[in-house]
Amino acid sequence: MKKLEIDFYKQDAVTVAQKLLGKTLVRKWEDGTESRYQITETEAYLGEEDLACHASKGRTPRTEILYHEGSHIYVYLIYGMYWMLNVVTGEENYPQAVLIRGIDKIIGSGKVGRELKIDKSLYGENLITSERIWIENAEDIDDFEKAPRVGIDYAGDEWKNKLWRFFIKVKK
DNA sequence: TGCACGATCTCG
DNA sequence: GAGATCGTGCAT
């Protein structure tokens, strides 16, 4: 399949989060081998006014990449041990990102970070030009579930109740 | 310069 | 149900 192009990432985070479901995440290792995963769960973080989005605290060295245009990668260390993998979306100066929470059978952003060996060296990587990580196109998934986002109790009711978490419905 | 806290997981 | 473990942001 073909790599996703810049136009895909320039859409808003909520749209991209839904469309990323079912797409193929490709990780190329140091030794030249590749691993491929189907994206099964995502969450959207949209703009400075979204209190759950890291950019709500303003532009800092850490969140800088969120202000760039879509297709960049935002990695973030949480609880001192887990690297979260995020895809920056939208136009420049409009901070948005999609958190990858699940790939294949690996559900949980901490596990994803470990599986993909995500670390600071991937911060700011570009999904279109990178030789180490990119996303390939696949058929859109229409049959998915929505739910409130996880672990953002501090964001306040208005934001924490938004159904911006998306995951593929498990087939019986 | 210091400190409290978090988009989590694993183990007991 | 608590601990592991550390970069970041904000208060001193």
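Which residues surround DNA strand C? Select T60, R62, L77, Y79, G80, M81 and K120, and you have them. A residue counts as near a strand here if one of its heavy atoms lies within 4 Å of it.

**Before you click further**

This is a predicted model, in which local features need pLDDT of at least 70, side-chain atom pairs count only at pLDDT 80 or more, and totals for chains, interfaces and linings use all residues. Residues are numbered from 1 along each chain as its sequence is written, chains are lettered from A and ligands numbered from 1 in the order in which they are written, and side-chain values use heavy atoms, with hydrogens and water left out.

Now colour chain A by pLDDT, the predictor's confidence in each residue, from 0 to 100. The average for chain A is 92, and 98% of the residues score at least 70. Look for helix 1 (residues 6–9), where confidence is highest at a mean of 97, and helix 4 (residues 157–160), where it is lowest at 88. Helices (H or I, at least four residues) and strands (E, at least two) are DSSP runs, numbered from the N terminus. Where pLDDT is low, the predicted coordinates should not be read in detail.

**Stop 1: DNA strand C**

Go back to DNA strand C and show its atoms within 4 Å of the protein: 77% of them belong to sugar or phosphate, and the rest to bases. Next, look for polar contacts, meaning pairs of N or O atoms within 3.5 Å (within protein, one must be able to donate a hydrogen and the other to accept it, and residues adjacent in sequence count only if both atoms are side-chain atoms).

- Pick T60: an N or O atom in its side chain sits 2.5 Å from a phosphate oxygen of DNA strand C.
- Pick K120: here a side-chain N or O atom is 3.1 Å from a phosphate oxygen of DNA strand C.
- Pick Y79: a backbone N or O atom is 2.9 Å from a base oxygen of DNA strand C.

Colour the residues near DNA strand C by class and you get three nonpolar, two polar and two charged. In this scheme Ala, Val, Leu, Ile, Met, Phe, Trp, Tyr, Cys and Pro are nonpolar, Asp, Glu, Lys and Arg are charged, and the others, Gly among them, are polar.

**Stop 2: DNA strand B**

Switch to DNA strand B. How many residues surround it? There are 22, and the closest are Y79, N86, G108, G151 and Y154. Of the atoms of DNA strand B that come within 4 Å of the protein, sugar and phosphate make up 49%.

Y154 has a side-chain N or O atom 3.1 Å from a phosphate oxygen of DNA strand B. Helix 3 has the largest share, with four residues. By class, the surface near DNA strand B holds twelve nonpolar, seven polar and three charged residues.

**Stop 3**

Select strand 3 and strand 4, which pair antiparallel over six bridges; two strands pair if DSSP finds at least two bridges between them. I78 stands opposite Y82 in strand 4. Three residues lie between the strands of this hairpin, where Y79 has a positive phi near 55°.

Is strand 4 mostly covered or mostly exposed? Mostly covered: five of its seven residues are buried. Buried means under 20% relative accessible area, exposed over 50%, and partly exposed in between (1.4 Å probe, protein chains only).

**Stop 4: aromatic rings**

The whole structure has five aromatic pairs. One of them is F8 with Y9, which is edge-to-face, at 5.5 Å centre to centre and 85° between the planes. Rings of Phe, Tyr and Trp (its six-membered ring) pair if their centres lie within 6.5 Å; planes under 30 degrees apart count as stacked, over 60 as edge-to-face and the rest as tilted. F8 and Y9 are both buried. Then select Y74, Y76 and Y123, which form one aromatic cluster.

**Last stop: two loop residues**

Find S71 in the loop between strand 2 (34–46) and strand 3. Its phi is positive, near 95°, in a residue other than glycine. S71 is buried, with a relative accessible area of 1%.

Finish at D104, in the loop between strand 5 and strand 6 (106–107). D104 also has a positive phi, near 50°, and is partly exposed, with a relative accessible area of 32%.
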